[in-house]
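Morning, everyone. Please have the sequence and the structure up on your screens. I'll walk through one chain.

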Amino acid sequence: MKLINYIRNENMKIYKRKRTWVLIALVAVFVILQIINVRAGDGGTAAADWRSQLEQENHRLAAEAAEPDALQIEIRQAEKNILLNEYSLQHNMPPETNAWSFAGDLSGNIIFAVSLISIIIAGEIAAAEFVSGTIKLLLTRSASRTEVYTAKYIAAILFGLGLTLVGLLLSLLFGGIMFGWGGLGDSYMYVKDHTVHQTPMLLSILGSYLFHLPFLLISVTLAFMVSAGFRSPIFAIVIPLFVSVAGFVIAIAMNGWPWTRFFIFSHADLSGYFLGDPAVKGMTLGFSLAFIGLHLAVMHLLSHTLFVKRDVS
Amino acid sequence: MPLLQIRDLTKIIGRKTLVDHVSLEMEKGEIMGLLGPNGAGKTTTIRMIVGLVSKSEGQVIIDGIDTSQQFSAAMGKVGVIVEQPDLYKYLSGYDNLVLFSRMSPGVTADRLKEIISLVGLEQSISAKVSTYSLGMRQRLGLAVALMHKPSLLLLDEPTNGLDPAGIHELREHLKNLAHKENVGILISSHLMSEMEMMCDRVAVLQQGKLIGVHRLSELVQEDDTLVQFEVDRPELAVQVLQAFMSGAEITAGHNQLRVRLPKNRIPEISQKLLDSGISVYGVNTVKRTLEDKYLEITGGQGH
């Protein structure tokens with residue numbers, strides 16, 4: 001009960017600032033940019049000659065995958081797209097973008113963008129109070145330091161989750177306006193073990209957001225760790241931003257290399273387990289979850305200790 | 001039971017001892033000043049009492065509750081203003097109050113109304129704190145510190161940056177609280193005249209050590225008063241007085257002399273001077289200020 005009040009306080013401090021709403025508006029801008037991107041590509045609707053287009057695309061994908069400098073993840077992705085295109089050709093299903101498929105396809109991008117924005121909030125949530133001096137009042141009320149720490153972390157995570165939901169809803173809304181809301185009853189097609197599988201559309205959207213959440217969790221916790229432990233908002237924003245972007249890029253570039261099983265950002269996207277190709281062959285979902293849990297625990301152990309023990313002067 | 005008990009409070013950082021076995025007791029309704037030069041350990045002492053700075057050694061008991069064992073319960077009895085009243089500038093005054101009321105049990109919306117009118121912020125309470133003057137922020141800080149009806153109020157250099165009107169206002173608030181609502185107030189400052197006007201007792205810190213706790217009335221009012229006579233022939237006057245009151249310490253200056261004596265002897269001494277043919281142009285009693293006494297206690301080291 002007490003903790004709920006403290007979380008309400010943290011929320012009040014987040015949402016009563018204009019700056020927060022500018023950050024939230026950035027997500028809308030991001031979704032709109034993605035729509036422009038799709039529009040500029042195939043326009044979102046199937047052209048009359050969609051069959052020849054798909055065939056051309058398959059040729060191009062095959063050629064790209066055969067290049068000597070192709071990344072493992074590119075080769076796998078190309079193979080999947082070729083299979084999906086062939087499936088469409090066989091079953092005479094022109095590829096179409098609608099609100100649902102758009103929102104599902106965007107999940108990874110949305111969570112990436114939301115994570116970077118949430119880093120700003122999480123990086124400030126503790127450190128800014130040390131800079132402004134308000135921490136002195138906060139820590140001399142009836143709340144323990146652990147309660148203040150916990151409330152701040154939960155508020156930062158809630159912001160990230162809330163912003164993810166905003167991103168999902170906006171992509172459904174804008175996607176619907178641009179591409180229509182039809183196709184909810186369609187199945188979502190995906191490739192697993194070299195064959196095409198189907199799953200209900202809503203389930204696929206929910207799943208793809210869920211599988212990408214570890215990235216949000218890791219980057220927000222990292223920002224919060226620096227914020228609460230080291231009390232510098234600048235470091236708490238810049239370092240996690242850099243680490244998250246670098247981690248994201250390295251995880252893609254090094255996908256499949258055995259050592260990446262011990263690289264936290266290789267566990268940031270769990271969808272591989274449900275599509276039959278984990279980031280490293282033989283790696284299990286349990287290992288990934290445990291590895292993520294270990295990182296979160298170590299980060300909290302460090303920053304909580306510093307937050308609770310260090311003097312405020 | 002004393003309101004605040006501090007036992008052997010010590011802070012050591014590296015090889016430096018910032019606060020060295022300080023022990024103090026304070027009663028309800030009392031205003032105690034913590035005096036000392038910069039770096040004497042005043043701020044560190046207050047921050048250790050409220051848990052912002054950890055104790056290397058010692059114990060703090062507030063209203064019978066040991067802060068190391070029941071921090072939350074002890075803090076429920078304490079109101080704090082540390083230096084500037086740092087509040088959330090991007091929130092309104094009222095939002096600030098709501099926020100801190102959620103962190104202290106038992107503060108109702110009615111109580112908030114009451115405290116707003118007590119500090120006289122009815123007009124501006126819904127405006128953002130960034131638009132407040134320093135005096136208004138100080139008042140809002142006082143409202144935050146007092147909303148949960150603490151029995152102990154701790155203030156660290158609260159008059160820093162306040163204008164004379166703001167200082168006067170704060171002083172009246174504090175006196176009222178102590179003497180009408182029985183709140184104990186511990187206030188640190190290096191402003192001697194401020195402390196003299198406010199405090200019942202002062203504790204003097206020097207280089208982390210408590211070198212004395214004095215009742216202010218004892219300090220500045222003593223049996224003997226320093227009396228200054230303005231005369232035309234001071235050398236002669238000194239001779240007359242030395243003969244008349246042997247052993248008295250008399251200092252002479254340009255057209256004046258000073259002697260320490262009980263107030264009721266002033267007419268007698270004046271008469272003696274006049275009888276000896278010395279013209280007396282004026283008689284003044286020189287009041288000893290807290291500052292004089294402070295310099296005496298601390299061995300004349302400036303603050």
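Start with helix α1 (residues 42-49) of chain B: α1 lies across β3 (31-35), β7, β8 (184-189) and β9 (201-206) of chain B, at about 145° to β7(B). Contact here means C-beta atoms, placed from the backbone, within 7 Å. Axes are lines fitted to C-alpha atoms, for helices over the stretch in contact, and angles run from 0 to 180 degrees between N-to-C directions. Helices (H or I, at least four residues) and strands (E, at least two) are DSSP runs, numbered from the N terminus.

Some ground rules. This is a predicted model: local features need pLDDT of at least 70, side-chain atom pairs count only at pLDDT 80 or more, and totals for chains, interfaces and linings use all residues. Residues are numbered from 1 along each chain as its sequence is written, while chains are lettered from A and ligands numbered from 1 in the order in which they are written.

Next, helix α6 (residues 164-181) of chain B. It lies across β3, β7 and β8 of chain B, at about 145° to β8(B).

Now the sheet itself. What is the strand order in chain B? It reads β6-β7-β8-β3-β9-β10, an open sheet with mixed pairing. Two strands pair if DSSP finds at least two bridges between them.

β6(B) runs parallel to β7 (residues 152-156) of chain B, joined by five bridges. In one of them, Val78(B) partners Leu152(B).

Notes
Contact = placed C-beta atoms within 7 Å.
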